[in-house]
Amino acid sequence: MKEKGEKVKLLYCRECKDVVALYVLPRTCLCGKSGGNYIDHRRVVVNGPSIVLGINNNELNDALVGNNNISEFMGFVIPDTSNSVRRSG
Ligand SMILES: [Zn+2]
């Protein structure tokens, strides 16, 4: 189901600085002002003072596998203008 190059989307709250992974079921940050969820395999809907972050899944998996060194992976900001982000509030 996970296709190559898939990105994991996270929700960052500008207010409380919490970061939560987005899922099909709605989730909110620590302060409750930001929230969101996936609406299909790729698109998310978010609200509040939030920013959607992305991590390349393959890079993350590579970084997690079997070594004791610090492993870097790429994270990036996904703007509201992206067609994979919808804002409901
Ligand atoms: Zn918050």
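Two residues are in contact here if their C-beta atoms, placed from the backbone, lie within 7 Å. Keep that in mind for the close-ups below, which all come from a predicted model.

**View 1. Leucine 22 and the residues it meets.** Setting aside neighbours within four places in sequence, leucine 22 is in contact with Lys9, Leu10, Leu11, Arg27, Gly36, Asn37, Tyr38 and Val44. Two of these names, Leu11 and Val44, come back in the next view, where they sit with Leu22 in the largest nonpolar core.

**View 2. The largest nonpolar core.** Which residues make up the largest nonpolar core? There are seven: Leu11, Cys13, Leu22, Cys29, Val44, Val46 and Val52. Strands β1 and β5 (44-47) each hand over at least two residues to this core.

**View 3. Zooming in on valine 52.** You'll find valine 52 in strand β6. Is it buried or exposed? Valine 52 has 21 C-beta neighbours inside 10 Å, so it counts as buried; the cut-off for that is 20 or more. Not counting residues up to four places away in sequence, valine 52 touches Lys9, Leu11, Val44, Val46, Ile78 and Val85. Cysteine 31 makes a handy landmark: it is 21 residues from valine 52 in sequence and 17 Å from it in space, C-alpha to C-alpha.

**View 4. The four-stranded sheet.** Here's an open sheet of four strands in the order β2-β1-β6-β7, with antiparallel pairing. β2 (19-21) and β7 (75-78) stand at the edges with a single partner strand each, so one side of each has no neighbour in the sheet. On average, neighbouring strands of this sheet are turned by 35° against each other, direction ignored. As for what joins strands in a sheet, they pair through backbone hydrogen bonds, either parallel or antiparallel.

View 5. How many bridges link strand β1 (residues 7-13) and strand β6 (residues 50-56)? Seven, and the two strands pair in the antiparallel sense. To follow the pairing by eye, find valine 8 opposite isoleucine 55 in β6, then cysteine 13 opposite serine 50 in β6. Helix α1 (residues 57-64) lies across β1 and β6, and it runs at about 65° to β6.

**View 6. The hairpin of β1 and β2.** β1 also pairs with β2, in the antiparallel sense, over three bridges. Look for tyrosine 12, which stands opposite valine 19 in β2. Five residues sit between the strands of this hairpin, and lysine 17 takes a positive phi near 65°.

**View 7. Stepping back to the whole chain.** Now for the big picture: the protein chain has one helix and eight strands, and along the sequence they follow the pattern β-β-β-β-β-β-α-β-β. The C-alpha trace spans about 40 × 25 × 25 Å along its principal axes. A compact globule of 89 residues would have a radius of gyration near 12 Å, and the 14 Å of the protein chain agrees with that. Of the 89 residues, 13% count as buried. Among contacts with a separation of 6 or more, 40% come from residues 24 or more positions apart.

Technical notes
Residues are numbered from 1 along each chain as its sequence is written. This is a predicted model: local features need pLDDT of at least 70, side-chain atom pairs count only at pLDDT 80 or more; totals for chains, interfaces and linings use all residues. Two strands pair if DSSP finds at least two bridges between them. Axes are lines fitted to C-alpha atoms, for helices over the stretch in contact, and angles run from 0 to 180 degrees between N-to-C directions. A nonpolar core is a set of buried Ala, Val, Leu, Ile, Met, Phe, Trp, Tyr and Cys residues joined through C-beta atoms within 7 Å. A residue is buried if 20 or more other C-beta atoms lie within 10 Å of its own, exposed if 12 or fewer, and partly exposed in between; C-beta atoms are placed from the backbone. The radius of gyration is taken over C-alpha atoms; the globule rule is 2.2 Å times the number of residues to the power 0.38.
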